[in-house]
Amino acid sequence: MSELSYKRTNVYEVADEAKMKEIYDYAKGYAAFLDAGKTEREACAYAVKAAIAAGYKPYAFGQKLQPGDKVYYNNRGKNLYLIHVGSEDVAKCGIRILASHIDSPRIDLKQVPLYEANGIAFAKTHYYGGIRKYQWATIPLALHGAVVKKNGEVLEVAIGEDENDPIFYISDLLPHLAAKQNAKTLGEGIGGEDLNIWLGNVPYTAAKDEKDKTVKENLLRILNEKYGMIEADFLSAELSLVPAFKARDLGFDRGLIAAYGHDDRVCSYPAYTALFDTKTDKTVMVVLADKEEVGSDGVTGMQSAIFTDLINAIAESFGASSAAVRAHSKCLSADVNAGFDPNFTSVLEPLNATYISCGAGLTKFTGARGKSGSSDASAEFVGEVRKIFDDNGVIWQTGELGAVDVGGGGTVAKFIANMNIDTVDIGVPVISMHAPYEVVSKADVYEVYKAFCAFVK
Ligand code: MN
Ligand code: MN
């Protein structure tokens, strides 16, 4: 192979003993973040704690920022902005932005969820994000979220993570009786209204009234005794079923991590740790966004005005125009890409796919069918990022999300690029993306972290 040709580098092939230790050690901190932050609320709370430990102070609108300030804006407990104010002139140098998301595909409870059928208490659900529904049956599920009672009290819920907790469940057919279901397509095998959660089956036999001797009544009694809840409290609740799995090392060599919710906590953790670990004169903003999996809308999504409001606040602090700050800002949209899976090669084009353990995956454009819906980073900006990574010894690669016309997807990149901020996608290649248990390489998590450190330096 001559020096004239391009070839990906496998991180594990070139890492010495010291670097292998760094990679494996860094993965431990990431795994702890995964286990503690299975929803955007939990991931946000975890990152806020880390920010406070790193010296970050809460920001309030109207506050004038000064060089050296380290502030965070916790947007409704689900969306976090971390800002390091540098000594460089923001009007000329802009802001270096790392934007990832902390929501992941899952199964949400409906607002009137409870019912009983044939002696079993169930909850109705409406899934969140792009899931392959059949993957979510017959696995242990944990219930996470918040219940807002009528008196305003907020009940934080996380049931099913502790070994002693009960778990929840979606049933599927036994093979003996599944001939008809087997003849359906994978997408139709389990329907959206079939994702009903098993909650219990012990009736309330002590009830005075015969008609209250039901499983549902018993469930309501338990919820009331344990949490002071009544059924109407579900009306103002956000409760989600997530896999009750912990992050685990995968394989004899422990080079991979299997976990729920790599997409996109696998970029969120490197984004905020890179910010905390890097000494810089630049003004840096880390965004941990919510609602990416459902289109980035709403008050906590990337399209919320809060993003520009905060940029405006930075600009105003220095008497700069927000337009000038944005025009000179640069962003890495930190999100995952599909890792090349040797078991499913036909959906990716091998030259232009991201490979696990080959480093940070840069994606110039996303979209589908003719790059539709993509912000498509300019060659100039990709060239600039390429130089930053190469100069800092970051191992990186490039790849598209799938072969042409097979499918596609998007990220928060376009919403930031639409604000006149140069943006390119970069992240970790994921195997089985959006499945209850996804897989990434520890080497790639580490290289993405190094890439972010280099970008904000
Ligand atoms: Mn994502
Ligand atoms: Mn996703």
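This is a predicted model: local features need pLDDT of at least 70, side-chain atom pairs count only at pLDDT 80 or more; totals for chains, interfaces and linings use all residues.
Because water is not among the atoms, a site may look incomplete.

Glutamate 293 lies in the loop between strand S13 (283-289) and helix H9 (306-317), and histidine 434 lies in the loop between strand S21 (429-430) and strand S22 (438-441), so the pair ties together parts that are 141 residues apart in sequence. Helices (H or I, at least four residues) and strands (E, at least two) are DSSP runs, numbered from the N terminus. Both glutamate 293 and histidine 434 are buried, a word that stands for under 20% relative accessible area, with exposed being over 50% and partly exposed in between (1.4 Å probe, protein chains only).

Aspartate 263 coordinates both manganese ions, ligand 1 and ligand 2, which are 3.3 Å apart. This aspartate 263 is buried at 3% relative accessibility, and histidine 101 is buried too, with a relative accessible area of 1%.

## Helix H8 and its neighbour H3

The axes of helix H3 (residues 40-53) and H8 come within 11 Å and cross at roughly 15°, the axes being lines fitted to C-alpha atoms, for helices over the stretch in contact, with angles from 0 to 180 degrees between N-to-C directions. That crossing makes H3 roughly parallel to H8, since angles under 35 degrees count as roughly parallel, over 145 as roughly antiparallel, 65 to 115 as roughly perpendicular and the rest as oblique.

The contact (heavy atoms within 4.5 Å) is made by Glu40, Ala43, Tyr46, Ala47, Ala50 and Ala51 of H3 together with Arg265, Tyr272 and Phe276 of H8.

## How the model is read

Residues are numbered from 1 along each chain as its sequence is written, while chains are lettered from A and ligands numbered from 1 in the order in which they are written. Local features need pLDDT of at least 70 and side-chain atom pairs count only at pLDDT 80 or more, whereas totals for chains, interfaces and linings use all residues, and side-chain values use heavy atoms, with hydrogens and water left out.

Note on methods:
Donors are N, O and S atoms within 2.8 Å of the metal (3.2 Å for Na, K and Ca); water is not among the atoms, so sites may look incomplete.
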